[in-house]
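Subject: Structure handover

Hello,

The structure we discussed is below. My notes on it follow.

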Protein chains: 2
Amino acid sequence: MTEALPSSDNSQQPSAERPKLRGRPRKEHAGNIDADILRAAIALFDEVGFDGTAMEAVAARAGISKRTLYMRYPDKKALIKAVITSIVGSARNPDPPAFMDMRSCLMFHIENFFMICNDPGMRVLMAMGDKSSQVMRELAPMGQEMTYELGVRHIVQTIVDTEGRTGMRVDAPDFYAASLLDLAMAHYQRLRALGTTVGIAPAQVASIRIVNLLLAGMQADCAADPNASS
Amino acid sequence: MTEALPSSDNSQQPSAERPKLRGRPRKEHAGNIDADILRAAIALFDEVGFDGTAMEAVAARAGISKRTLYMRYPDKKALIKAVITSIVGSARNPDPPAFMDMRSCLMFHIENFFMICNDPGMRVLMAMGDKSSQVMRELAPMGQEMTYELGVRHIVQTIVDTEGRTGMRVDAPDFYAASLLDLAMAHYQRLRALGTTVGIAPAQVASIRIVNLLLAGMQADCAADPNASS
């Protein structure tokens with residue numbers, strides 16, 4: 001996770017001590033206020049859901065006036081869009097290490113996935129599957145597409161980097177990146193649905209199996225292609 | 001699909017012409033009434049959701065009295081449980097063909113999955129991910145576990161049969177069965193979330209890729225095992 005959004009551990013302490021300012025916020029304050037708003041919104045969405053979260057409650061939690069909140073986000077839909085963008089942006093590790101082989105590359109992404117699954121922001125994104133809310137019916141496709149697109153693109157980038165470094169050639173890296181996320185997500189949701197705490201051990205067993213499967217697929221693609229260098 | 005639950009095409013015509021019977025239904029009628037109730041419930045759950053479906057509406061749609069309905073299902077939770085059991089039971093093809101090779105076996109299950117995805121019963125099961133409803137919060141784990149368990153077990157059985165017939169040995173067939181369902185489901189949900197009609201063409205491309213991946217994994221497992229016969 002980047003540090004764009006500090007952990008919600010301190011979301012219990014809204015920035016009530018912020019000095020009351022009048023007029024247009026100065027630039028250095030504007031950034032803090034935005035981060036406070038997004039952190040407050042994520043905490044509330046996580047705790048009481050999208051429909052249960054009132055703009056008033058977001059303003060109170062962020063320690064700002066309703067007017068300041070509405071100046072930035074005219075409605076809850078605009079706020080949710082900003083929240084999605086910030087969660088998706090912060091869920092990517094911007095500087096993955098240089099992997100020495102494809103197995104390390106794939107394993108890194110699965111472990112990263114299981115780690116960020118328990119982040120409040122990710123829980124909020126995953127709850128977007130809940131189509132009972134009108135605003136979610138409108139925004140869920142956008143949120144899922146953004147998460148998926150960015151997640152897949154990030155993994156594809158490191159697969160391509162690892163290819164370049166190791167000489168292994170991968171057909172259709174986007175298929176493998178998507179399959180990695182699909183398999184890890186399904187495993188995670190199954191553990192959650194069954195009420196199992198998603199601990200390190202079951203995730204590790206699954207990670208190794210999934211990585212073995214993806215590597216076997218990549219190697220079979222190489223072998224099937226008469227132009228493959230290996 | 002088995003014929004346990006006739007297609008909902010004729011659910012528009014509730015069995016209003018059923019002769020009014022008094023007292024305990026005779027056995028041959030009881031079966032019909034149960035099927036009518038389940039068909040009516042599935043149609044309503046699909047159209048207006050679990051929370052939007054009143055027991056009265058189910059009785060009316062099934063062409064029976066509220067009293068008859070309550071005699072069988074004391075509350076909506078009991079009705080939903082029966083619906084889940086019947087959907088899961090009817091979604092399995094009880095007599096899959098004898099597959100000549102593992103590729104045909106896997107391809108059959110993926111194509112079967114994409115086919116039954118558009119069945120109203122399956123749509124109802126998939127909507128169980130919607131945790132906004134109290135009854136769904138309680139029943140979703142059961143529904144997901146049953147669907148998954150039965151789905152995986154059915155695929156595992158045919159993988160094992162195909163192994164016996166073709167001499168290919170598969171380590172951990174349950175992992176491959178689960179991965180087949182996970183990848184197909186994720187692909188299906190992505191197409192739906194993006195508003196794409198789930199047609200035959202995109203499903204076919206995905207099916208071939210998924211089957212190639214699973215076969216490569218199975219073959220790599222065989223090759224890695226020094227006791228493997230092949």
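Predicted model: local features only at pLDDT ≥ 70, side-chain atom pairs only at ≥ 80, totals over all residues.

Residues are numbered from 1 along each chain as its sequence is written, chains are lettered from A and ligands numbered from 1 in the order in which they are written, and side-chain values use heavy atoms, with hydrogens and water left out.

Most residues other than glycine have a negative phi. B:Ala172 is not a glycine, yet its phi is positive, near 45 degrees. B:Ala172 belongs to the loop between helix H7 (134-166) and helix H8 (173-193) of chain B. Helices here are DSSP runs of H or I with at least four residues, numbered from the N terminus.

In chain A, A:Ala172 also has a positive phi, of about 45 degrees. A:Ala172 lies in the loop between helix H7 (134-166) and helix H8 (173-193) of chain A, and is partly exposed with a relative accessible area of 23%.

**Aromatic rings**

Over all chains, the search finds nine aromatic pairs. Rings of Phe, Tyr and Trp (its six-membered ring) pair if their centres lie within 6.5 Å; planes under 30 degrees apart count as stacked, over 60 as edge-to-face, and the rest as tilted. One of the pairs is A:Phe113 with A:Phe114, edge-to-face, at 5.6 Å centre to centre and 75 degrees between the planes. A:Phe113 is buried at 6% relative accessibility, and A:Phe114 is buried at 8%. Another pair, B:Phe99 with B:Phe108, is tilted, with 5.2 Å between centres and 50 degrees between the planes; both of these residues are buried. A:Phe113 and A:Phe114 form one aromatic cluster with A:Tyr188.

**Charges over rings, between chains**

Which ring does the charged end of A:Arg209 sit over? The ring is that of B:Phe175, with the charged end 4.9 Å from its centre. The charged end of B:Arg209 sits over the ring of A:Phe175, 5.0 Å from its centre. The rule asks for NZ of Lys or CZ of Arg within 6 Å of the ring centre and within 35 degrees of the ring normal.

**Cysteines**

The disulfide count over all chains is zero, where a disulfide is a pair of cysteine sulfur atoms within 2.5 Å. A:Cys222 is buried at 7% relative accessibility, and B:Cys222 is buried at 7%.

Regards

Note on methods
Buried < 20%, exposed > 50% of the residue type's maximum accessible area, 1.4 Å probe, protein only. Helix = DSSP H or I, 4+ residues; strand = E, 2+ residues; numbered from the N terminus.
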